[in-house]
Amino acid sequence: MPGADVLENKPPEADSEELLTKLDLEQLLSAKLGPDTRVDSIATKQLTQPGENYGSNILSVEVTLLPDYKKLDLVAKLVPLSPFLREVFNCGVTVRTEIDVYTKVSKEFQEIQRENNISKKDYLDLFPRCYGARVSRNEDVGQLADEGAAILLENLTPLGYRCGDRITGVDLEHSEMAVSRLARFHATSIAIKIKKPSVFKEVIMKVCENARPEPNDEMKKGFDKMIESHIKQLEAIPDCLNHIDKLKAMIKNEDMNENKTKPKEPTKEGIVVDHYANLIRIYHKSFIDWLEKLGVDVAPFSYEKFQEEIETVAPKFIQNLLPLTRNVGLATYLYSTTTAKLVI
């Protein structure tokens, strides 16, 4: 396991180095605000706390523009300062993918709502406004993103948004809201796939494919080691020992035996486990309602078929969830036992 010195998202020899200059901001903002954009001053500070973000260095940026001294509250997403983190999160590829989501996918989400006359009251506003983005300070010729990559987004904090506690989670009201919005997000993609198949293929799927590079031999070896590490962690948890064979099969994407049973209703304390069935129904209802608003036939998307899909797909995704819980735990531990300031 890497130590705090490896994970620390700050180069020890460059504490005062400017990560974003006025020239950087003028170039980034010019695409949105016009070629004559001039910056009078900037003020930056770290925006996130340990465990609140993965794979980037996030700054709060207050920009004062000329000539009227108008202020912009922005968020700058930069690649991690740690080379280790840049490699782990494949930033050369994922930065461009994220830029494409904000500049291409978001436009298609807006367009299909406009085409179906979605009212302002019901409009699904999922993406923060993007003020500018780049993969490098050099000319973009399709290369991998480098240390000069940056994405400028509107800062949602002044609008009342904040990060919840990653350890304790959110309350039932916010869980229901999140599940409902997630369902509408997924339904919008499905609507584009059904009603605008060429757009889905050329925009949505192309972005998704770019985010999933074909793993090479080294990556495969790393995945195998990671899987074994996760299994050892589970074996150290008493509550998991009774189910360890099934968990191993899920993590390794192996077929379960023919006698596998339908997942039982969770009974332990907690928002998700106590309200699992209700949250699943909220998701499905929101999904169906939004598809109908977008003019899609919902007959193929019954609740029964949705349950079948959960049973088929969910076991395969436990290996996606375990690294996230591990990273949160690692960040929390390091933050409480060292002076390192982590942004991962």
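Me: Where does N117 lie in this model?
Reply: The model is a predicted one. N117 belongs to the loop between α4 and β4 (130–134).

Me: How do I read the accessibility of N117: buried or exposed?
Reply: Compare the relative accessible area with the cut-offs: under 20% is buried, over 50% is exposed, and values in between are partly exposed. N117 has 67%, so N117 is exposed.

Me: Which residues does the cis peptide bond join?
Reply: Here omega is the angle to check. L66 and P67 are joined by a cis peptide bond, with omega about 10 degrees. P67 itself is in the loop between β2 (57–66) and β3.

Me: How many helices and strands does the chain have?
Reply: The protein chain contains 13 helices and five strands. Of its 344 residues, 36% are buried. Take the contacts between residues at least 6 apart in sequence: 65% of them join residues at least 24 apart.

Me: What is the mean pLDDT of the chain?
Reply: Read pLDDT as the predictor's confidence in each residue. The mean for the protein chain is 81, and 75% of the residues reach 70 or more. Residues 255–268 stay under 50, and the model has 15 contacts beyond four places in sequence for them. Residues 328–344 also have pLDDT under 50, with 42 such contacts in the model.

Me: How many aromatic pairs does a search of the whole structure find?
Reply: The search finds six. F109 and F185 make up one of them, with 5.4 Å from centre to centre and 35 degrees between the planes, which is a tilted arrangement. This pair links distant parts of the chain, since F109 is in helix α4 (residues 91–115) and F185 is in helix α5 (residues 172–195), 76 residues apart. F109 is buried at a relative accessible area of 3%, whereas F185 is partly exposed at 30%.

Me: Why is the pair of F287 and F301 called edge-to-face?
Reply: Planes over 60 degrees apart count as edge-to-face. The ring planes of F287 and F301 meet at 70 degrees, with centres 5.8 Å apart, so the pair falls in that class. This pair too links distant parts of the chain: F287 is in helix α11 (residues 276–293) and F301 is in the loop between α11 and α12 (303–313), 14 residues apart. F287 has a relative accessible area of 10% and is buried, while F301 is partly exposed at 22%. Both rings belong to one aromatic cluster made of Y283, F287, F301, Y303 and F306.

Me: Which charged residue sits over the ring of Y303?
Reply: R281 places its charged end over that ring, 4.0 Å from the centre. R184 is likewise over the face of W290, at 4.3 Å from the ring centre.

Me: What does the side chain of K77 make a polar contact with?
Reply: Start from the position, then look for partners. K77 is in strand β3 (residues 71–78) and, at a relative accessible area of 16%, is buried. Its side chain makes a polar contact with the side chain of E98 at 2.8 Å. Beyond four places in sequence, K77 touches several residues, including N53, E98, A149 and L153. The C-alpha atoms of K77 and L153 are 8.0 Å apart, although 76 residues separate the two along the chain.

Me: Which backbone atom does the side chain of D24 reach?
Reply: D24 reaches the backbone nitrogen of T21, at 3.0 Å. D24 is in helix α2 (residues 22–33) and is buried, with a relative accessible area of 5%.

Me: How many disulfides does the structure hold?
Reply: The structure holds zero disulfides.

Methods. Residues numbered from 1 in each chain as written. Predicted model: local features only at pLDDT ≥ 70, side-chain atom pairs only at ≥ 80, totals over all residues. Heavy atoms only, no water. Phe/Tyr/Trp six-rings, centres within 6.5 Å; stacked < 30°, edge-to-face > 60°. Helix = DSSP H or I, 4+ residues; strand = E, 2+ residues; numbered from the N terminus. Buried < 20%, exposed > 50% of the residue type's maximum accessible area, 1.4 Å probe, protein only. Lys NZ or Arg CZ within 6 Å of the ring centre and 35° of its normal. Polar contact = N/O pair within 3.5 Å; in protein donor to acceptor, adjacent residues only side chain to side chain. pLDDT = per-residue confidence, 0-100. Contact = heavy atoms within 4.5 Å. Disulfide = S-S within 2.5 Å.
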